[in-house]
Amino acid sequence: MASTGTLFDKESTRIEEILSKQIDTILPTLDPIWRDTVVTSQGVGSANDFSKDFQVNKLYRTGMTGVIEQGGPVNDFMLYGDALVGGANSHLGDRLLKQNTTSVFPDPMDSAKPKTFRLTVPMRAMYTNLSLTLGELQMDATPAVVGDVVAPILQGFAQNLSHTLCNYWYVSQNDQYRLGTIKAKGTATQVNGGYFRFTLQINEDCYDRFFTGQRIDIYAPTNDYGSSGAATRRNEVSNVRGSLYIESVDDLKGEITVLSATNIQGSIVVGAAGTGDAIVYANSGEQATAGAGATASFTGIAGINSWLKSSGNLLGGEAVSGASISVTEHPEFKSFFKSGVGTLTEHKLRQYLRRFHAAKSKLGQTIDSLVASDGVWLAYEAQKIGQYQIDRTNNLSNLNNEGSTEGFAMTFEGRTYKGHTSQYIEDGVVYGVKTSGSNWKRYVPPDYAGLQNMSEADAFVPFRFVVPALTGGSSVKFPYLKGNGNQMTEAVQMPGMLRMQLIPDQASGLKLTGVTTDTVYGD
């Protein structure tokens with residue numbers, strides 16, 4: 001700032017303030033195992049595998065065929081030939097003999113042949129929309145406006161798609177695909193515009209699942225939203241849903257700030273101020289009937305919790321009736337689960353991995369990747385501290401080699417397991433999966449003619465704008481109409497869809513729960 005009374009101060013109105021025309025948009029980076037491992041090694045399923053209902057049918061046969069018996073009880077006739085007629089009296093003179101055919105091969109009809117069984121995997125979809133207005137387009141075209149306007153909107157939408165897919169890799173259908181469970185909730189206070197602001201903390205400590213602008217719903221706790229109990233959507237009054245948005249996420253403190261269109265603290269939340277309520281994606285629960293209290297079902301793109309099962313069926317509640325696989329009847333598809341692990345030590349981890357491979361090696365099934373939160377790996381390393389020894393013989397103390405090296409890898413019985421740290425995973429859980437060999441395959445139905453993708457989205461995100469296919473044109477924009485659809489507004493809409501399913505060749509893996517963590521948040 002120029003000093004008061006100087007020439008620059010007096011003529012300040014004639015001097016242009018130079019501002020950067022570029023505005024950086026802070027966007028979330030995706031989970032390392034999802035982007036660096038699952039996505040990079042991901043295979044692509046063939047469109048020829050789809051049935052008429054856009055379902056993927058995988059056929060399996062497990063079991064042995066044929067009859068095998070030992071030759072001893074039949075005098076090893078396959079080695080020495082069958083017994084001659086009459087034994088020692090089988091000779092006919094000095095030059096002839098008579099043979100016998102009393103021994104027979106096993107009855108081939110005594111063989112058990114395995115039946116072919118089918119796993120049908122339903123396709124899943126998301127539908128989207130994005131708006132732009134004349135005002136935003138005008139701002140983007142005006143040189144005097146600081147920074148881009150449209151580009152950050154498109155970037156934010158692309159990141160929203162990627163972030164959503166990453167979340168569905170981890171969330172569990174057993175918990176209604178919830179992003180988190182409310183541990184504590186602050187009192188709502190009204191802000192400008194009539195909205196209400198309140199803070200949340202979650203039990204799972206996986207705050208990377210949330211980001212500014214994310215749309216959510218909050219449901220009352222229930223054991224099973226899909227088949228029993230009432231699923232009360234908290235942000236709903238008189239059958240009308242109130243909007244909920246993530247305003248900010250304080251990862252250092254472990255706290256989420258939410259904006260509500262209605263006073264969720266007073267008029268909606270009942271009971272213990274929302275403790276135990278489930279946070280899910282907006283409108284991700286299918287209401288069987290209108291209004292709060294209706295039974296709702298939750299579906300989504302299958303992730304590891306849909307495939308790792310120690311009981312029930314693969315895909316759980318989303319399995320197709322009559323074409324599902326029970327891991328009780330077919331334990332070759334069963335995953336290794338261990339609860340109440342407590343402090344995870346190297347010996348415990350080797351025990352669990354050894355049991356998995358001892359049981360699954362004969363089936364050709366392996367694990368190569370372990371993923372857990374940073375709190376789990378920190379606690380894993382902390383329990384090793386008592387094993388350290390510092391040699392001070394004739395040496396001064398120093399801090400030149402403190403800390404730990406980058407990454408986590410463990411070799412056991414010739415196999416190397418790569419450890420990954422994720423902030424998307426619920427704290428206190430370790431997953432073990434196979435990621436090599438294109439084990440996880442992405443299945444996407446064929447596109448309609450004219451569909452267009454979004455260049456800002458990552459290549460693994462099979463998103464398409466649908467307007468070109470509906471209108472026959474090339475633009476992805478369509479007017480946003482009001483007044484019974486005959487009045488033009490200044491806005492355009494860009495509806496789109498994402499259709500995809502993830503299907504592994506090897507579904508079985510490992511899941512450890514109740515693992516001791518060493519997670520710390522600031523004041």
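**Ground rules.** I am working on a predicted model, where local features need pLDDT of at least 70, side-chain atom pairs count only at pLDDT 80 or more, and totals for chains, interfaces and linings use all residues. Numbering runs from 1 along each chain as its sequence is written, and side-chain values use heavy atoms, with hydrogens and water left out.

**Confidence.** I looked up pLDDT (the predictor's confidence in each residue, from 0 to 100): the mean is 82, and 87% of residues reach 70 or more. Residues 223-229 fall below 50, yet the model gives this stretch 18 contacts beyond near neighbours in sequence; a contact means heavy atoms within 4.5 Å. Residues 288-294 also stay under 50, with 16 contacts beyond four places in sequence.

**Overall.** I count ten helices and 29 strands, taken as DSSP runs numbered from the N terminus (helices H or I, at least four residues; strands E, at least two). Of the contacts with a separation of 6 or more, 74% join residues 24 or more positions apart. Of the 523 residues, 41% are buried; buried is under 20% relative accessible area, exposed over 50%, partly exposed in between (1.4 Å probe, protein chains only).

**Cores.** Which residues have the most contacts inside the largest nonpolar core? I find Trp34, Leu165, Tyr170, Trp307 and Leu498, in a core of 79 residues. Helix 5 (residues 150-170) gives the most to this core, with ten residues. Another core lies apart from it, with 21 residues, including Phe356 and Val515. My rule for a core: buried Ala, Val, Leu, Ile, Met, Phe, Trp, Tyr and Cys residues joined through side-chain atoms within 4.5 Å. Leaving out residues up to four places away in sequence, Trp34 touches Val39, Gln42, Leu165, Cys166, Trp169, Phe460 and Leu502.

**Surface.** The accessible surface comes to about 29000 Å², and carbon and sulfur atoms hold 50% of that; areas are by Shrake-Rupley with a 1.4 Å probe. Met78 sits in helix 3 (residues 77-80).

**Lys418.** I placed Lys418 in strand 22 (residues 415-421). Lys418 counts as partly exposed because its relative accessibility is 41%. Asp368 is 50 residues away in sequence, but its C-alpha is 6.3 Å from that of Lys418. Besides Asp368, Lys418 touches Ser369, Leu370 and Phe408, not counting residues up to four places away in sequence.
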